[in-house]
Amino acid sequence: MATHAPPVPVTPVAPVRRRVPPAVRRRRLLVAVAEHSLLIAAAIAFLAPFAFMALTSLMTTDQALSPKLWPEPLKWSNYADVFDQAPMLRYALNTAIYSVLATFGMLVSSIPVAYALALLRWRGRQVVFLLVLVAMMLPPQVTIVPMYVLWAKLNLVGSLAPLIIPNWFGDAFSIFLLRQFFMTIPQPYLDSARVDGLGELKILLRVVVRLAKPAIAAVALFMFLLTFSDFFGPLLYAGDEESHWTLSVGLAQFRTLHQVQWNLSMAATILVITPVILLFFFAQKAFVEGVTLTGVKE
Amino acid sequence: MAPWIVGFSVFIAYPLITTVYLSFTHYDLLEPSRWIGLANYDYMFSHDKQIWPAIYNTLWLVVIMVPLKVMFAFGVALMLTRARAGVGIFRTIFYLPALAPPVAAALGFVYILNPATGPVNGALRLVGIDGPLWFNSPTWSKPALTLLLLWGVGNTMIIFLAALVDVPRSLYESASLDGASAWQRLRWVTLPSISPVILFAAVVGTIEALQLFDQAYVGATVAAGSASSAGDPSNDLGYPENSTLFYPVLLYQQGFRFFNMGYAAAMAVLLLVVSFAITMFIVRNSRRWVHYAGVGR
Amino acid sequence: MRRITMAIATAATLALGVAACGGTGDSGSSNDGAPVSKGTKLEAANITLWVGFTQRELGVVKDAVKQFEAANPQVHVKVVGGINDDKIIAASRGGKSPDVAQSFSADNAGAFCGSGAWINLKPYMDRDGISDAIFPPAPRAYTQVDGTRCALPMLADAYGLYYNEAMFKKAGLSGPPKTVSQLVDYAKKLTVKNPDGTLKVVGFNPDMGWYSNTPANFGPMFGGKWVDDQGKSTLGSDPAWAKLLTWQKQLIDWYGYDNLVKFQAGLGDEFSTSNAFEKGRLAMNVDGEWRTAFIANEVPNMQYGTAPVPVDDDNQSLYGGGYTTGNIIGIPKRAQHKEQAWALLKFLATADKAQVLLSNGLRNVPTTASSAKSPDLKPDAKFETFLKIFGNSHTTTTPITAAGSAPQELFNSFVDKWQAGRVKDLQGGLTDLDKQIDAQLANAQGEQVP
């Protein structure tokens, strides 16, 4: 930049009312256009897969196998056909049961643990926190062998119980996140509640939970999303029992099991993606806040 | 709080201990586990023909995919900070793919990258390029998976975005006053300021790479399914030619298709050790380039 | 601190206790082992039948099952389709086990019988006076291992060549190719390329690893033997295999391996209505006898013919034979209602009524001598070809071993590499493969080394 030009802030701001030489203005305009074109191109690239999937979902079987891009005619009936080919509603029900019960269980169990780790003093606190960190980093494959054996002996393989029950004992990632957030609650709040004679549990419920609503919402949202999209877990435990499949498992088996073609597969894919996108639009703020919470509050 | 804490600890400690124990046994769930000492590990390092491709494939992800992902997320976030109009819309667009369940996204990408009928190769054909076989090619299957994972970079991007916005404007201003160019500001102000987040993204990305399963499973079985008749997943895992056989996929195959549970446990122990080692390595090395701002810490 | 240590100690004890315990075998199965005495009335029960069929074929199986239920109204059968061998193997370890299971791969009879995953049926057969002589020799052989009969055959498959007569006429060809050089010649003449050079119609797809193209199917073209009399693998020592692979590779290279992969990626699923042969993307194809039923159902106006697979020019006496294998059906160890399961199994595998219904509907080859002669079998000239192939003396099946389908899978992986051009020394590779297969077999039979 020319050394005599006034300093320009980087963040977007209304242009300063000053006579800017046309050369600089032109240059800035070019840069802005370039940056925006790049942005637009990137946006198109990101949206393109969705568009292709949607277009294919409306094609006839033969068209889906051809390089044609635009369906003619628009076969909306594909979406109804998906339900004929596979029990999507049952899969959706299974997914809902899993997600709701797991999320609820996670909240019930993780909040107390996070609270204890963040705001109480007790022996062994460091060890348990270390366990939480270890659990977060642990690849799930490390624990599946013994867990599978355990569930097999309890005769629960084939159902979704092995996926739901562990969440009632706390989820490491959620505990970590909640703990980080709880640590920002000033002790004076808690102390005044203690002075008022409230037991720890009541403090937790009345004071802490209310203050931590955004974090709790974020954690619940993440858990719901995680369980909704979970494939490995349901594949392992419910994979051999079709009546207990979740949407992800059903979708993965869609082609081989029902010998259906790409058009129906894409329709099914869109159906599986849609609820999540809708959820996102309704809970945008919580989403973004939650993701930010994970990264910035290190 | 106590019951929850105990329960939680048991759920973490119990599997860990048992996995280590099982790694020294032969266990196929039909008979009781039988102690065989180091035989599983011996087989792993001297006889198993599939373990080295699995290790190679997973390391490929760590060395190639993770840096690409981090740089791409950073780049997209950076672009977003420069945008003036419609930042919210763009941000949403870039984030949406991360929401798609991995199975759905993988299925979509196998279709899009279909070598004969997919739109990507169709577009390449228009400009005269003979597109690669993507998920059906041993050389292009991992790049295809990488494209899929880059598409879902939304979460990392949001974190970078928040970090970038947090960089104090004063730092940029003083740099400009000193005559720094845009590139120099990037190199000496932006990157160091967000280096903790870069570290975080690298560590998280690495952990994800070491655990990659869903997309590899779907990619291989669906792409192979269009080539073979039997709907038998255990034959297709790693299609084509073991190029998508990642370590977790092999572990799953050994433990839950062939029921070599002792061996799978041994593989799990190795994964645990390697995960820790790599993470420690990254974190240790980070001291050289991660710069924690003194303010507020 | 003490509480946490206690917790960890509990966990450790739990862990060791669970791990030391036995397998998951006993989930309260009612009758273990011996069948009840003859003449005992069949009790009411709800049983589950697992089959690999889907869509239309599943409907045919359900029809046969309905006949069983009509004769035994106190037994209700739930039929689950789309099962593959992985699921059957998993069911023997945990989760819900079916009462009767059917598998498409006779190869796995070895694994099921050897490991005890499917029960020995001999006591039931003896009690009900069923001798295994009612089955033709090949099906009788592939449902037992070392004297243990844990499965019965439920119709068999024979493979031959399907060819599109309309395309032949257009290209001025008549009659199916009888030798492999004729096959290559016709294939080249019948192949059509798109203007941009990609394949539009393929005369014959030599890629082994697509649809029903497998080494097991192509082997009979050259008379390849899988094992010698001692049960040792002969892929390297029998020259027929090297000849087959060399011949096949030449055709692959003519098409271009990548072109073939691309072509295949744009084809429909084998068992869908977009099957490549049915859609005219393929002029000739090796397929099983069931394809006649699919074609009659999906493209009834198609002009096609069936014939045995072409054979080695130097060994033309092989002509007329092919590959045969079949469905096997058995009772898993953890089945809850073994008597009722046996009743259903007996019906499906030995009753003429069932065999004829299934054969007519699925267009599979009946596997009992009496049903093969039944007047109720629908005549069909194209299907006749396969009955002849089934009975031909040169027709072979893959050997049943305790290693299950592992030899096939190992060979398939080798062929994949070979086709992609990554094997430089064919003979050396085949000899190595033999060693691997023999080791696999020893592993599966003897000491359970990991």
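Leu49(C) stands opposite Val100(C) in strand β3 of chain C. The model is a predicted one, in which local features need pLDDT of at least 70 and side-chain atom pairs count only at pLDDT 80 or more, while totals for chains, interfaces and linings use all residues. Residues are numbered from 1 along each chain as its sequence is written, and chains are lettered from A and ligands numbered from 1 in the order in which they are written. Helices (H or I, at least four residues) and strands (E, at least two) are DSSP runs, numbered from the N terminus.

**Strand pairing in chain C**

- β1(C) (residues 45–50) and β3(C) (residues 100–103) run parallel and are joined by two bridges; strands pair if DSSP finds at least two bridges between them.
- β1(C) also runs parallel to β2(C) (residues 75–80), and six bridges join these strands.
- Within β2(C), Val79(C) is the bridge partner of Leu49(C), the residue that stands opposite Val100(C) in β3(C).
- A right-handed β-α-β unit is made by β1(C), helix α2(C) (residues 55–71) and β2(C); right-handed is used where, with the strands pointing away from the viewer, the path from the first strand over the helix to the second runs clockwise.

**Overall form of chain C**

- Chain C contains 18 helices and eleven strands.
- Its C-alpha trace spans about 75 × 65 × 45 Å along the principal axes.
- Of the 450 residues in chain C, 52% are buried; a residue is buried if 20 or more other C-beta atoms lie within 10 Å of its own, exposed if 12 or fewer, and partly exposed in between, with C-beta atoms placed from the backbone.
- Among contacts in chain C with a separation of 6 or more, 76% join residues 24 or more positions apart; two residues are in contact if their C-beta atoms, placed from the backbone, lie within 7 Å.

**Domains of chain C**

- The domain assignment gives chain C domain 1 (46–157 + 325–391) and domain 2 (158–322 + 399–445); such bounds come from an automatic or database domain assignment.
- The C-alpha centres of these two domains of chain C are 27 Å apart.
- The contact between them takes 25 residues from domain 1 of chain C and 22 residues from domain 2 of chain C.
- On the domain 1 side of this contact, α4 (109–115), β6 (152–164) and α16 (381–391) of chain C each supply at least two residues, and α16(C) gives the largest share, six residues.
- By class, that side has 13 nonpolar, six polar and six charged residues; Ala, Val, Leu, Ile, Met, Phe, Trp, Tyr, Cys and Pro count as nonpolar, Asp, Glu, Lys and Arg as charged, and the others, Gly among them, as polar.

**Chain A**

- Chain A has 15 helices and zero strands.
- Buried residues account for 45% of its 298 residues.
- In chain A, 74% of the contacts with a separation of 6 or more are between residues 24 or more positions apart.
- Its domain assignment gives domain 1 (22–57) and domain 2 (81–296), and 36 Å separate the centres of these domains, taken over C-alpha atoms.
- Four residues of domain 1 of chain A and six residues of domain 2 of chain A form the contact between the domains.
- The domain 1 side of that contact in chain A divides into two nonpolar, two polar and no charged residues.
- Phe176(A) lies in helix α8(A) (residues 172–182) and is buried, with 20 other C-beta atoms within 10 Å.
- Leaving aside residues up to four places away in sequence, Phe176(A) touches Val132(A) and Met136(A).
- The C-alpha atoms of Phe176(A) and Ala286(A) are separated by 17 Å, the two residues being 110 residues apart along the chain.

**Chains A and B**

- The contact between these chains takes 72 residues from chain A and 75 residues from chain B.
- Helix α1(A) (residues 22–57) contributes twelve residues, the largest share of the chain A side.
- The chain A side divides into 52 nonpolar, 17 polar and three charged residues.
- In helix α6(B) (residues 119–126), the buried residues are Pro119(B), Val120(B) and Asn121(B).
- The cover over these buried residues includes α1 of chain A together with α5 (102–112) of chain B.
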